Amino acid sequence: MYAVKNSSRALLVALVPLAAVHAVLLAMALLATQTTPAQVNLPAPDKILTLYIGRLALDGALLFAGHLALRQGTICSRLAYALMGGGMAATSYLLAMRNGLLLIPPSAGSEITLGLLPTVAGMIAAFLYGQFAGLVPVAKGPQPSSDSPTTPRTFDGPVRVRTSVAAVAIAATVPAGLTATLSFTLVSLFLPGTLSGGVGPVFVAAIPAQMFLMILVATVVPSAIFVLATHHIARALRRGRGFEYAAIGSLTAGLCVGLIAPLLPIASIFLLLAYAVVYGAIMGALYRRFAGLEPVPLPEAVIASDEHALVGADHPSRRQHSVILTN
């Protein structure tokens, strides 16, 4: 039996998507304080930092508690960890909403909607924890005798890259994440005056957050379809390495830009092509990194009513026919 290891490094990696989502939601909440007449003053920086660290610490504690529960039951499947992460994030959101850990309480009728993004981030976080922590054998049931081999089981048969929903979800967030990072860089470089006092820092943080949410909503489904297409093209070509997935993703993205090129201005085609090639390569490589391998499935059984028909394709009887002479 195997269980997922206790790993502080994996926990820090798992907190990255949760930290990003909380930063986006906090930036949008800060922007809301400037558009609501009753809240014209910005909250104190200490309060903002305390709320952010508190949410992240609560998520980390619940994530590790869920991991310990699954480890106690020697459950190590990625699906179980993803479901645990979603439940953990939803519980954390409810606790934060009930105990005042949100900068602005959600308006009536939007409580469930605002909890969807943290829940998805929690599923990705738990998946990442199981991915980076690794497995360790655990003793359960009768112990093997000293004469029995203790060498770990290995597999030397044919393998292929798995079709993973979690890996698709991680790769599909690349356009939104990179666009938010790029917009934050551009705003910081070209609008330096916004960083000096007033509400400028709010807009510097809110513009990338809005870009992230808009790009994520607009591209998550097309990006997921693109990643699946890249995966199945690589599988059809019998390619399974990371750089091969990156190359196929880059070429597939370039082909998609070529298909929509007649609908775009000539000046923007090359810029879009450059972005698409880079995004496609990163998405393909990320999918390969997190999808993992699986054994090639066995062919289905052949139903035969005549055992004489079970002759190989290269057997001479498949190309020749017996001749029976009759009087």
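This is a predicted model: local features need pLDDT of at least 70, side-chain atom pairs count only at pLDDT 80 or more; totals for chains, interfaces and linings use all residues.
A helix here is a DSSP run of H or I with at least four residues, and helices are numbered from the N terminus.

Select residues 111-133, which form helix 4: its 23 residues reach 33 Å from the first C-alpha to the last, close to the 33 Å expected at 1.5 Å a residue. Moving along helix 4, stop at Leu 117, where there is a kink of about 25°, shortly before the proline Pro 118. Then go to Gly 134, which follows helix 4 and has a positive phi, near 85°.

Next, show the largest pocket, which holds about 1,400 Å³ of space. It is lined by 49 residues, and the closest to its centre are Ala 20, Val 21, Val 24, Leu 117 and Phe 212. To see which elements give two or more residues to this lining, colour helix 1 (8-35), helix 2 (45-72), helix 4, helix 5 (165-172), helix 6, helix 7 and helix 9 (266-291). Helix 1 gives the most to the lining, with 12 residues.

Now select Thr 179, which is found in helix 6 (residues 174-190). Is Thr 179 buried or exposed? Thr 179 counts as buried because its relative accessibility is 16%, and buried means under 20%. Leaving aside residues up to four places away in sequence, Thr 179 touches Met 211, Ile 215 and Tyr 279, and its side chain makes a polar contact of 3.3 Å with the side chain of Tyr 279.

From there, move to Ala 206 in helix 7 (residues 200-236), which counts as buried at 1% relative accessibility. Ala 206 touches Ala 27, Met 28 and Leu 31, again without counting residues up to four places away in sequence. If you also select Ala 23, you will find that Ala 206 and Ala 23 are 9.7 Å apart in space, C-alpha to C-alpha, although 183 residues apart in sequence.

The last two stops concern backbone angles. Most residues other than glycine have a negative phi. Select Thr 74, in the loop between helix 2 and helix 3 (78-98), where phi is positive, about 50°, although Thr 74 is not a glycine. Then select Arg 238, in the loop between helix 7 and helix 8 (242-260), whose phi is also positive, near 60°. Thr 74 is buried, with a relative accessible area of 13%, whereas Arg 238 counts as exposed at 77% relative accessibility.

Conventions. Residues are numbered from 1 along each chain as its sequence is written. Side-chain values use heavy atoms; hydrogens and water are left out. Buried means under 20% relative accessible area, exposed over 50%, partly exposed in between (1.4 Å probe, protein chains only). A polar contact is a pair of N or O atoms within 3.5 Å; within protein, one must be able to donate a hydrogen and the other to accept it, and residues adjacent in sequence count only if both atoms are side-chain atoms. Contact means heavy atoms within 4.5 Å. The expected span of a helix is 1.5 Å times one less than its number of residues. The bend at a residue is the angle between axes fitted to the seven residues ending there and the seven starting there. On a 1 Å grid over the protein atoms alone, a cavity is a set of points where a 1.4 Å probe fits but cannot get out, and a pocket is an open set with protein on both sides within 12 Å along at least five of seven lines; lining residues have an atom within 4 Å of a point. Grid points are joined across faces, edges and corners, and a volume is the space filled by probe spheres set on the points.
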